[in-house]
Amino acid sequence: MVIAIIVTLAAIALGIAQGVRQYAAMARARADLAVLGQTLEQYRRQYGDYPQTADSPEKLCRALAGRLGPTGASIRGRNFLSTLSVSLRDPEHPDATANYVVDPWGNAYQYVFFTRPSGTAPVQRGYVLFSFGPRSSTETLPSRAEVVPSTSGSQGGVVSSAAINAKNIYAGQ
C-alpha cells in the first residue's frame, strides 16, 4: 500500500514537472519570437525592406547575421544576431550557410516573407514568423504552404487555420 502511494505521488510529481517544462519552453519560444520580430524591424530600418529569403531558415539567419541583403544579395553588413540571446544550431559560426535560429524543441524558427496589395497604396510587405511548437518526434511538421498558403496577392501572408497548425506559435500571439 505504501509503495502504491509513493508510485502515485511520483507519477503526479513527474507530470507536474513535465507541464512546467512545457510551459517554460512555450514562454521561451514567445520571447524568442518577440526578439526576432524586433530584430526584423531593425533590419528593415537599416536596409529598407525585410529579408526575402525564400522561406529558408538558413537564409534568414544569414540575413540577420549581416551576410544577405533584402533581395538575397551577399553583403557585409551589421550582425544583428551578435546581440541576441537566441539559440543557434551552430553558435560558433553565426553566419555559416547551414545555420539557423533554434526553438526550444530543436526546430528552426520559420519565416515567410509576403507582399499584399493595399488598394491604391503601395504594396504591403511583411512576414509571418513562427515556431512549430511542441510536437512529438513522430508528428509531421506542416509545410510552408500549409501554414501560409500564399505569399502574394490579396491573401498574401494570411495564416491557415488548418488543424496541422494548431500547435504552431506565432510572433505577436
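## Surface and overall layout

The chain exposes about 9500 Å², and carbon and sulfur atoms supply 57% of that area. Keep in mind as you look around that this is a predicted model. Of the chain's 173 residues, 36% count as buried.

You will find 3 helices and 5 strands here. Read from the N terminus, the elements follow the order α-α-β-β-β-β-α-β. For contacts between residues at least 6 apart in sequence, 53% join residues at least 24 apart.

Let's turn to a pair of strands. Strand β3 (residues 110-118) and strand β4 (residues 121-131) run antiparallel, with 8 bridges joining them. To get your bearings in this pairing, find Val 112, which stands opposite Val 128 in β4.

The two strands β3 and β4 form a hairpin, with 2 residues between them. Gly 119 sits in the turn and has a positive phi of about 60°.

## Aromatic pairs

The count of aromatic pairs comes to 7. One to look at is Tyr 43 with Phe 80: their ring centres are 6.0 Å apart and their planes meet at 55°, so the pair is tilted. Planes under 30 degrees apart would count as stacked, and those over 60 as edge-to-face.

Where do Tyr 43 and Phe 80 lie? Tyr 43 belongs to helix α1 (residues 2-47), while Phe 80 is in the loop between α2 (57-64) and β1 (87-88), so the pair ties together parts that are 37 residues apart in sequence. Both Tyr 43 and Phe 80 are buried. Together with Tyr 47, Tyr 43 and Phe 80 form one aromatic cluster.

Terms used:
Residues numbered from 1 in each chain as written. Predicted model: local features only at pLDDT ≥ 70, side-chain atom pairs only at ≥ 80, totals over all residues. Heavy atoms only, no water. Pairing = 2+ DSSP bridges. Helix = DSSP H or I, 4+ residues; strand = E, 2+ residues; numbered from the N terminus. Buried < 20%, exposed > 50% of the residue type's maximum accessible area, 1.4 Å probe, protein only. Contact = heavy atoms within 4.5 Å. Areas by Shrake-Rupley, 256 points an atom, 1.4 Å probe, with all protein chains shown as cover. Phe/Tyr/Trp six-rings, centres within 6.5 Å; stacked < 30°, edge-to-face > 60°.
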